[in-house]
Amino acid sequence: MKQDIALKILKLGYHVYLGGSAGTGKTHVLNQYIEHLKEEMIGVGVTASTGIAATHLGGVTIHSWAGFGIKEKLTGDDLKNIRKKHYLRQRIKKAEVLIIDEISMLSGHQLDMVDQICREFRKNDMPFGDMQVVLSGDFFQLPPILKNGETPSFAYESQVWQRMNIKICYLSEPFRQQDPAFLQILNEIRSNQVTDESLELLEQRMHRPVQNKITKLYTHNVDVDAINDAELDKIHTPAQYYSMTSSGIDALVDVLKKHCLTPENLALKEGAMVMFAKNNFEKGYVNGTLGEVIGFDKENFPIIKTFDGKKITAKPVSWAIEENDEVKAQINQIPLRLAWAITIHKSQGMSLDAAQIDLSRSFVPGMGYVALSRVRSLEGIQLMGVNELSLSVDPAVIDLDEKLRSASREVEAELG
């Protein structure tokens with residue numbers, strides 16, 4: 001399905017699962033729909049399963065929005081305490097649409113809890129108390145986080161998913177990658193059928209230099225921090241320091257700070273490799289644009305030369321959590337982070353020109369797919385290592401994916 005058809009189906013008010021492979025523009029469609037809802041003065045809850053994904057949409061985590069926090073189940077006492085929270089009652093009753101992004105990382109049990117809370121507050125036994133619900137994500141991406149060694153169910157295995165009469169909109173047009181050979185590799189990983197030819201193409205990228213300066217994608221935070229700090233120390237020029245400012249509800253400010261890709265205290269030097277961590281199409285950068293600090297202006301704001309030759313002065317921008325058109329929390333910082341290295345988890349949703357990727361310590365299925373699919377072309381990949389798990393995906397998700405594609409075709413035929 002193409003983006004414009006999916007947007008029209010969303011506007012019809014159905015419960016929708018918005019899916020598709022990496023780089024097909026799911027977040028773009030969501031942002032278009034959110035803008036439409038706000039223009040029409042329709043109350044919308046903008047949420048995601050992770051704080052990182054939530055900040056891409058200007059929303060909050062679904063755990064915070066629905067009030068269940070870190071709970072894995074709701075007891076009678078839990079529901080009684082949640083019912084006492086007036087702000088939750090107002091939030092859920094006012095919302096006519098609920099959006100949950102990165103649904104692959106929300107367990108089926110958690111989605112059922114959201115449904116239970118919404119029905120409770122709205123005094124309506126229809127799914128989610130009869131508000132429109134839009135679930136977005138790719139089940140080939142990182143799965144729900146395991147706790148206590150348990151294997152959580154996926155969102156599509158929830159009880160409420162079966163009751164929703166959900167319309168499947170599976171985006172199929174790739175925007176990030178245009179190279180047919182690379183798209184073939186990514187599609188083969190999604191089907192767990194990586195051919196010898198594709199393995200050979202990946203093998204050719206092993207320790208292969210790339211023309212662009214690269215971001216290093218690693219599986220663990222400790223490696224990323226060590227690389228960035230070490231590289232910055234190698235530059236023997238004075239550093240400029242930028243401290244984040246904030247306003248609003250402390251707990252929500254903490255959420256923004258924790259999940260913002262830009263650090264609270266940013267140190268930059270001329271020659272530092274950086275990445276923009278926010279979209280600003282007017283200024284000529286997006287979340288993931290890479291460049292190098294080439295100097296500082298009169299106000300000491302960094303001047304970045306991007307790898308496609310643009311010169312951009314990076315000035316402070318804001319990340320905010322809004323509710324009913326009111327800003328609840330806001331942080332302000334230069335939208336940059338050191339970009340010699342970044343974790344694969346934090347790279348989700350980004351588009352990179354080039355990356356050095358180390359998959360030798362992959363620890364969950366889908367990690368290799370997430371990392372490789374960040375990069376626009378095969379020539380932009382320098383592979384440092386793989387392990388047996390790195391190119392695997394969950395077999396159950398493969399079966400689901402074919403059903404979703406088929407269901408999407410039926411929806412388009414029915415509503416086209």
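This is a predicted model: local features need pLDDT of at least 70, side-chain atom pairs count only at pLDDT 80 or more; totals for chains, interfaces and linings use all residues.
How many of the residues of strand S19 (residues 355–359) are buried?

**Figure 1. Strand S19 and its two partner strands.** Strand S19 (residues 355–359) is mostly covered, with 5 of its 5 residues buried. On one side of the strand lie Ala355, Ile357 and Leu359, on the other Gln356 and Asp358, and both faces are covered. Strand S7 (residues 215–218) pairs with S19 in the parallel sense over 3 bridges; within this pairing, Leu217 has Ile357 of S19 as its bridge partner. Strand S20 (residues 381–386) also runs parallel to S19, joined to S19 by 5 bridges. Here the bridge partner of Ala355 is Ile381 in S20.

**Figure 2. The open sheet of 6 strands.** The strands follow the order S3-S2-S4-S5-S1-S6, and their pairing is parallel. Strand S3 (60–61) and strand S6 (167–171) stand at the edges; each has a single partner strand, so one side of each is left without a neighbour in the sheet. Strand S1 (residues 16–20) pairs with S6 in the parallel sense through 5 bridges, and Tyr17 has Ile168 of S6 as its bridge partner. Helix H2 (residues 26–39) packs on this sheet and touches S1, strand S2 (44–48), strand S4 (97–101), strand S5 (132–136) and S6. The direction of H2 makes about 160° with that of S4.

**Figure 3. The nonpolar cores.** The largest nonpolar core has 107 residues, and those with the most contacts inside it are Trp65, Leu135, Phe139 and Ile357. Helix H7 (residues 108–122) supplies the largest share of this core, 6 residues. Beyond residues up to four places away in sequence, Leu135 touches Val16, Tyr17, Leu18, Ile100, Ile103, Leu111, Trp161, Met164 and Ile166. Another core, of 21 residues, lies apart from the largest one; among its members are Leu10, Leu37, Ile99 and Cys169.

**Figure 4. The surroundings of Leu10.** Leu10 is found in helix H1 (residues 3–11) and is buried, with a relative accessible area of 0%. Leaving aside neighbours within four places in sequence, Leu10 is in contact with Val16, Val29, Tyr33, Gln132 and Val134.

**Figure 5. The edge-to-face pair of Phe139 and Phe154.** A search of the whole structure finds 7 aromatic pairs. In the pair shown here, the ring centres of Phe139 and Phe154 are 6.0 Å apart and the planes stand at 90°, so the pair is edge-to-face. Phe139 and Phe154 both lie in the loop between S5 and helix H8 (159–163), 15 residues apart. Phe139 counts as buried at 4% relative accessibility, and Phe154 counts as buried at 9%.

**Figure 6. The tilted pair of Phe140 and Tyr369.** The rings of Phe140 and Tyr369 form an aromatic pair with 6.3 Å from centre to centre and 55° between the planes, an arrangement classed as tilted. Phe140 lies in the loop between S5 and H8, whereas Tyr369 belongs to helix H13 (residues 367–372), so the pair ties together parts that are 229 residues apart in sequence. Both Phe140 and Tyr369 are buried.

**Figure 7. Asn228 in helix H11.** Asn228 has its place in helix H11 (residues 221–233). The residue is buried, with a relative accessible area of 5%. Apart from neighbours within four places in sequence, Asn228 is in contact with Arg337, Leu338, Ala339, Trp340 and Ala341. Ser64 is 164 residues from Asn228 in sequence, and the two are 32 Å apart in space, C-alpha to C-alpha.

**Figure 8. Two buried cysteines, Cys118 and Cys260.** Cys118 is buried with a relative accessible area of 0%, and Cys260 is buried with a relative accessible area of 6%. A disulfide is a covalent bond between the sulfur atoms of two cysteines. With a cut-off of 2.5 Å between cysteine sulfur atoms, the count for this model comes to 0 disulfides.

Terms used: Residues are numbered from 1 along each chain as its sequence is written. Side-chain values use heavy atoms; hydrogens and water are left out. Two strands pair if DSSP finds at least two bridges between them. Helices (H or I, at least four residues) and strands (E, at least two) are DSSP runs, numbered from the N terminus. Contact means heavy atoms within 4.5 Å. Axes are lines fitted to C-alpha atoms, for helices over the stretch in contact, and angles run from 0 to 180 degrees between N-to-C directions. A nonpolar core is a set of buried Ala, Val, Leu, Ile, Met, Phe, Trp, Tyr and Cys residues joined through side-chain atoms within 4.5 Å. Buried means under 20% relative accessible area, exposed over 50%, partly exposed in between (1.4 Å probe, protein chains only). Rings of Phe, Tyr and Trp (its six-membered ring) pair if their centres lie within 6.5 Å; planes under 30 degrees apart count as stacked, over 60 as edge-to-face and the rest as tilted.
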